Amino acid sequence: MKLSLRFTIPIVLAVFTCVIAFWVFFTSGQVAVKNTETHLMKDITNMMTRLQEATERALRKGEWEWLQKDISGYGSVPHLKTLVLIDAAGKVIAGTKLGEIDQNWKKIISHGSIEIIEKQAELAKTGYAGTTFLSADKQCILGVYPVKFASKTIGSRNVSVGILLAQVDLSVPKARALALVKMQVYQFVFILSLLMVLLGIFFHFQMTKRVRKLVSTMNQFANGDFKAPVGVNGRDELSTLAESIRKMATRRDQDQQRMNAYAKKLEESNQDLQDFAHIASHDLQEPLRKILSFGDLLKSSISKEDDKGMAHLERIQKSTARMKSFIEDLLQFTQLGTKENACEPTDLNGVVQRVLEDLETRMVETQGTVHIKSLPVIEADAMQMYQLFLNLIGNGLKFHREGVGPVISLDSSRDADGMWEITVEDNGVGIEEQYVDKIFKPFERLHGRGTYEGTGIGLTICNKIVTRHGGEISVKQHSEYGVTFRIRLPEKQIKSNDASLRSSLSFLTPQDLDMGSVEIPLFSRNDKGTGSFRRIAK
C-alpha cells in the first residue's frame, strides 16, 4: 500500500501530537497530584500544631465549652472530613460534629486506616510528637498529634495522653488538579495542532507539491519524454535534485539519439549482411554446384585405367564439397545474428526426438546410443534449439573412440538462480585441457580433416545460440574419456520494448558502445549482381 506525502505527513504529525499530549497529561497530572498532596499536608501540619497548643491550654484551664466550640469551628476547613479529640480510653470528647462525641473513634474512621492510625498514635504518645501521613488507599491525609490530659487528686496530679485526629479528603483536590492539568493539556494540544496544521501547509507547498511535480516529470521521463520540464525551482536540496535530474534527462536524450543513429546504421548493416547471405546462398554456391556437376561428368568420361587423373578429380570434388559445407555453415552463423529469435514455449524433449530421427542413420553406422532423462519446457526459438542439440549430439556421435560405440546422455536440473542447466555427456575422444577455451571460436579444429570431417564452426554456432537466449555454455573434460557440455538457459526470455534495436545490436559488444569510433562492415551489391565491402565509422 502506497501513501502520498500529503497524507503521510498529517498522519505522522497527528500521531506525534497525540503522543506528546498523552505524555504531558501523564507527567503533569502526576506532578499536580503530588503538589496537591504536599500542599495539603503542610496546611494540616500547621493547623494541627496550633490546635495541639490551644487544646492543651484549654484542658489545663478546664474550658470544655470553649474547646468544643473551637474544634467544631474547624468543620468549615475545606476538604476536612473529621477532626476529633480522643481521650486515653479511645473515647471522642470533642469533634467537628456533635454526633461524634461519646463515640469510639474507630466507628468514625474508615476501616482500612484504623491499623495504621493505632500504630502512629502509639508512636506519637511515646515520643510526644505529631505526624501527618497518607492513608493506605492514598485518598486521605491523616494527622495524629498527642495531647496531655491532667487531673488533680489529694496529694498528687495525674497526667494522661490523648490524641487529636484529623482526616482530610484528597479526592476532590486531586480531581480539581487533574481537571486543571487537562485544561492546560487541551490548550497545549490546540496550540500544537495549530502549529502542525501550519507546518503541514508549509510542507505541502514547499515539499509535497514540488515532489509531486518531480514524480510527474520522472514518469514522463520513464515514458521516453526526456524534454519534459521539471518545474521545480528554488535554492534548497529538492531544487538541487531537480537540477540533477534535468541534467540526467538531457544526457539520456542525447544518448538515446546516438543509440538511434547506431541502430539505424546497424539496421543498414544487417540488411547488407542479408544481401551477402543471399549472394552466398546463390551466387557463391552456384559455381561450386557446377564444379561438382562437371566433376561427375568428367568422372564418367575418364578411363578407369587413368588412376592418377581419377585421384586428382576426387580431390577436386572433395575440396569443392568442403568449400560448399564451409559456405553453408558460415551462412548459418551469419543468419543467427541478423534474424530475431522466434521465442515460444518449446519442449526440449520433442526437439531432441526430432534431432535423433534425423541422426538415425549416423547412429546406426556408429552403433551409438542416446539416453534422455528429463528436459524442460522453456521459452526459446525451436529451430535454433534444434540446431543446438543437432550439433552437440552430432559431435558426440562423430568424435567417438575407435571400436567403442558412442554413448550420449542428456539430463537437466534447476539451479538456485532459477536457470535450467542442461548437460550433454559423451564417452568420446574428449578434449585436452589447453583447448577447452578455444573450441567455441570460429574455425577452430582440434583434429585434421582426414580424421574427422567438418568446418570447425559447429560449436561456435552453439555458443551463439545459447548467448542469444540469455544463457551460457561451457565444457568439462572427464578424467579418462569424453566430455560434458553444460548449458544454462532461462525459463523465460526477457521481453524488449524495441525488438528491432535488440536485433540490430546483436553484433555490438559492451566495449564497442564506449569506443570513440565503431567500424561497421557493409556489403553493397551493384547492378551486375556482384558486391564489395566498405566500412563506416561513427
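The structure holds zero disulfides, a disulfide being a pair of cysteine sulfur atoms within 2.5 Å. This is a predicted model, in which local features need pLDDT of at least 70 and side-chain atom pairs count only at pLDDT 80 or more, while totals for chains, interfaces and linings use all residues. Residues are numbered from 1 along each chain as its sequence is written, and side-chain values use heavy atoms, with hydrogens and water left out. Cys140 is buried, with a relative accessible area of 8%, whereas Cys343 is partly exposed at 29%. Here buried means under 20% relative accessible area, exposed means over 50%, and partly exposed lies in between (1.4 Å probe, protein chains only).

Helices (H or I, at least four residues) and strands (E, at least two) are DSSP runs numbered from the N terminus.

Helix 3 comes next, running over residues 114-127. Its 14 residues should span 20 Å at 1.5 Å a residue, and the end C-alpha atoms are 20 Å apart, which agrees; the expected span is 1.5 Å times one less than the number of residues. Which residues of helix 3 are buried? They are Ile114, Ile117, Gln120, Ala121 and Ala124. These residues cover an arc of only 125° around the axis, which puts them on the same side of helix 3; the arc is that of the directions from the helix axis to the C-beta atoms. An α-helix has 3.6 residues a turn, so residues three or four places apart point the same way. On the other side of helix 3, Glu115, Lys119, Leu123, Thr126 and Gly127 are exposed.

Helix 3 is followed by Tyr128, whose phi is positive, near 45°. The charged end of Lys148 sits over the ring of Tyr128, 4.8 Å from its centre. Likewise, the charged end of Arg401 sits over the ring of Tyr481, at 3.8 Å from the ring centre. Such a contact requires NZ of Lys or CZ of Arg within 6 Å of the ring centre and within 35 degrees of the ring normal.
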